Amino acid sequence: MWGRLWGFLYNKYFRFWLKWVLRLLTGKCELQRVLGGAAAGARRTLSVEHSLESSKNKVLRNAVHVEEAEVEKCVRDVMKEKRIEQRDTGFKANLHISLLQISGYKKLYLNVENLRKVPYDSENEEHEEQLIELWNLLMPHENLKARISKQWCDIGFQGDDPKTDFRGMGLLGLVNLVYFSKHYTNEARQILSRSNHPKLGYSYAIVGINLTEMAYSLLKNGALKSHLYNMVAGLPQMEHFHQFYCYLVYEFDKFWFEEEPESIMHFNQYREKFHEKVKGLLLDCNVILTLQNTKKP
Ligand SMILES: *[C@@H]1O[C@H](CO)[C@@H](O)[C@H](O)[C@H]1NC(C)=O
């Protein structure tokens, strides 16, 4: 109760006066202090984002919703509004990067969401090609005997036709699976073979699709901000989402074999434990989670 009241008063009154006093003492506004003080990365961009969102000034508040094409103009407008000299190229460049990261994150989510909303369609040649590509990448020495075949179970689908297994993740699930197999082929084959373990085995493709949902929900609720702001000094791309997915698949397999669950029946519980672990790592504002940290593809 008192905590909430204090938070309310802080945001409503005290923050304003604190900013005013600091401006008087340093001769700089909050944005200038944030952009001048911290090194590039998540800490800086998250501070910029927070400062803009909680500003009383409409131009500043709207800056967090700017689109990529408008970033340059937006930077100029913010500087004009705060009476910062356009000659201050350091401030300008840094604000530019932060705004690209902020708008890029939102754009990336929209792109990922659009792919997720495309259902797998077996009448679509491109979809079918990707599915066959997945098979060939994972099973280079075995021919698929027919499009509808029990063989799909060998790479961890549920029945004789994978199309029904993508469900809520749509094409995003397939694109993720193909990306991992293509860019980390050795790791993918190794994990597939481990997933056939007689006691600790799991369904490779089904779990892969499940991890797409984990990556997707972390992106959606903003948990990937620090990771992506640290990783890309500009617009994050689809590629960066796929890379994060690869990290999840690789780490989940390691986690699963370390934990040694009694059976696949406990998937829920271990998935949640893994999810909590990843969420914890993502809270560190210096975080970067990539597979490349541990091994080059
Ligand atoms: C992933 O697994 C969790 C836990 O079993 C489940 O609640 C969720 O619906 C699954 N998601 C997908 C896309 O299969």
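This is a predicted model: local features need pLDDT of at least 70, side-chain atom pairs count only at pLDDT 80 or more; totals for chains, interfaces and linings use all residues.

Biologist: Okay, salt bridges. How many are there in the whole structure?

Modeller: A search of the whole structure turns up 15 salt bridges. As a bit of background, side chains of opposite charge can pair when their charged atoms come close.

Biologist: Can we start with Glu 113? Which residue does its side chain meet in a salt bridge?

Modeller: Glu 113 pairs with Arg 116, at 2.9 Å from N to O. Both sit in helix H6, which covers residues 89–116, and because they are three residues apart there, about one helical turn separates them.

Biologist: And is Glu 113 buried or exposed?

Modeller: Glu 113 counts as buried, because its relative accessibility is 11% and the cut-off for buried is under 20%.

Biologist: Next one, then. What does Glu 133 pair with?

Modeller: The side chain of Glu 133 forms a salt bridge with Lys 182, at 3.4 Å from N to O. Glu 133 is in helix H7 (residues 125–138) and Lys 182 is in helix H8 (residues 170–183), so this pair ties together parts that are 49 residues apart in sequence.

Biologist: How accessible are those two?

Modeller: Glu 133 is partly exposed at 28% relative accessibility. Lys 182 is partly exposed too, with a relative accessible area of 46%.

Biologist: What about Arg 271, which partner does that side chain have in a salt bridge?

Modeller: Arg 271 meets Glu 213, and the N to O distance is 3.7 Å. This pair links distant parts of the chain, 58 residues apart: Arg 271 belongs to helix H13 (residues 267–283) and Glu 213 to helix H10 (residues 204–220).

Biologist: Why does Arg 271 count as buried?

Modeller: Because its relative accessibility is 12%, and anything under 20% goes into that class.

Biologist: Let's switch to the ligand. Which residues surround it?

Modeller: Asn 210, Glu 213, Phe 267, Asn 268 and Arg 271 are around the ligand.

Biologist: What distances do you get from the side chains to the ligand's oxygens?

Modeller: For Asn 268, a polar side-chain atom lies 2.2 Å from an oxygen atom of the ligand. For Asn 210, a side-chain N or O atom is 2.3 Å from a ligand oxygen. Arg 271 has a polar side-chain atom 3.5 Å from an oxygen of the ligand.

Biologist: How much of the ligand does the protein bury?

Modeller: The ligand exposes 370 Å² when taken alone, and the protein buries 58% of that.

Biologist: Last topic, Ser 195. Where is that one?

Modeller: Ser 195 is in the loop between helix H9 (185–194) and H10. At 4% relative accessibility, Ser 195 counts as buried.

Biologist: What is Ser 195 in contact with, leaving aside its neighbours within four places in sequence?

Modeller: Apart from those neighbours, Ser 195 is in contact with Gly 201, Tyr 202 and Tyr 204.

Methods:
Residues are numbered from 1 along each chain as its sequence is written. Side-chain values use heavy atoms; hydrogens and water are left out. A salt bridge is a side-chain nitrogen of Lys or Arg within 4 Å of a carboxyl oxygen of Asp or Glu. Helices (H or I, at least four residues) and strands (E, at least two) are DSSP runs, numbered from the N terminus. Buried means under 20% relative accessible area, exposed over 50%, partly exposed in between (1.4 Å probe, protein chains only). A residue is near a molecule or strand if one of its heavy atoms lies within 4 Å of it. A polar contact is a pair of N or O atoms within 3.5 Å; within protein, one must be able to donate a hydrogen and the other to accept it, and residues adjacent in sequence count only if both atoms are side-chain atoms. Accessible areas come from the Shrake-Rupley method with a 1.4 Å probe; for residues, only the protein chains shown count as cover. Contact means heavy atoms within 4.5 Å.
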